[in-house]
Amino acid sequence: MHITVAKFGGSENVFTIEIASDLSLKDLKAVIEAESDFGIKADEMSLFYEGKLLPDENKTLEQCKFSDYDLITCQRSRSAESLNNGASGGARRNLNPRDPRQLFEMLRSNPEMLQQIRQNSPQVADAVQRGDFDTFIQHVAARSPEMQQQMELERLASLDPFDPEVQRRIHDIINMQNVQDNMEHAVEHAPEVFGHVVMLYINCKVNGHLVKAFVDSGAQMTIMSQACAERCGIMRLVDRRFSGIAKGVGTQKIIGRIHLAQLEIEKHYFATSLSVLEDQPMDMLLGLDMLRRHQCVLDLNKNVLRLANTVETSFLPESELPHHARLSGNGAEAEDGDSIRAADGHQQPRSQQSATASSTTSSSSSSFPEDTIKHITKSGFTREQAIEELKVTNGDPTKALVSLMAKNLSVPKRKR
């Protein structure tokens, strides 16, 4: 089975191990000591599960009723911690950029960066110069969600470790930081996933009138708005015996059905039925019934819709989409929360968050060693930022990291 182990008070120290379910907790402690860099010996280790101490080392994992990938929190026992507090002052851990104490010490030892901070954050710089960590952390935490989380972890570490609420809060913070790490990894390696996706529209004609039709394989039926049907002069064909309600994330009134209509696409004609909706923002939507009937293929490589293996029509660029379907451009026309409805009532967001890539791939290659770049990017900075700062600091990763942190402190982050 798999067990996820987290060190109490440390968001970076989380890992998963595979261990037999018939092994004891004592064996588990030995494995944690060997596999982790927690710096805690097995005989000095306390394990917690769901906020409760696991006191009996002779119990097996199966007897403790662990499930696959359950989370166990590990910390040094109180007695061992008191003995070791005075002995480890000289040993320096690897740089942890999310640790406010390490950032404080780095800034104290770097007058140049401290001066840079003073230009925009004199209160922070004064606190560093005075050696006043408490004042420093108050100012910095207000600007950095990561440091707020670190402060919360430090505060929780001083409370009763047997309190289930304390353990739950630690678990929540660790999960949030893991999510943040995952997002930062995505920003670095796959920034395109944060961009918006242009909806698939094609040009067609109905009764000689040009219509921009939305292609939606997730919609059960092909629909048309009442306004579009009137504009195309086909409302006289609506069979109102087929009226009803389209249900999904919302509801819309179906006025009736046009049993047979001709769509002209690239000078070829295709038969389809249309359900006419009373209040529908898009003119027309090609649903699965139409796509199946004419063996349509959505070829996203060529950016075309292929019908009956013979006719191809290109999907429209965003500049040619109806105004309500555009995801960028006229910001006044696209507000958060607005939506367009599909035939089954399912709502598609009209505005989505987009992330801006700092640079193109032209700066993704570098003469600096990959380990040096990763030393900076693992702290949440982009690869491009790391390379640019390494150029300024002549390849010194520590100076580059401190410099980026200093710049990050100078501008308050927007609250989400």
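View 1. Let us start with Lys-29, which sits in helix α1. In this predicted model, the relative accessible area of Lys-29 is 6%, so this residue is buried, the cut-off for that label being under 20%. Setting aside residues up to four places away in sequence, the partners that Lys-29 touches are Ala-42, Met-45, Leu-47 and Glu-57.

**View 2. Glu-35, an exposed residue of helix α1.** Here we move along to Glu-35, which also has its place in helix α1, a helix covering residues 25-35. Glu-35 has a relative accessibility of 55% and therefore counts as exposed, since that label applies over 50%. Buried or exposed, what is Lys-29 in the previous view? Lys-29 is buried, whereas Glu-35 is exposed.

**View 3. Glu-35 with Phe-15 and Ile-17.** Which residues does Glu-35 contact once its neighbours within four places in sequence are left aside? They are Phe-15 and Ile-17. Ile-17 lies 18 residues from Glu-35 along the chain, and 8.3 Å separates their C-alpha atoms.

**View 4. The whole protein chain, for context.** Stepping back, the protein chain has 13 helices and 17 strands. It is made up of 416 residues, 44% of which count as buried. Of the contacts between residues at least 6 apart in sequence, 55% link residues at least 24 apart. The chain's accessible surface is about 23000 Å², with carbon and sulfur atoms contributing 47% of that area.

Note on methods
Residues are numbered from 1 along each chain as its sequence is written. This is a predicted model: local features need pLDDT of at least 70, side-chain atom pairs count only at pLDDT 80 or more; totals for chains, interfaces and linings use all residues. Side-chain values use heavy atoms; hydrogens and water are left out. Helices (H or I, at least four residues) and strands (E, at least two) are DSSP runs, numbered from the N terminus. Buried means under 20% relative accessible area, exposed over 50%, partly exposed in between (1.4 Å probe, protein chains only). Contact means heavy atoms within 4.5 Å. Accessible areas come from the Shrake-Rupley method with a 1.4 Å probe; for residues, only the protein chains shown count as cover.
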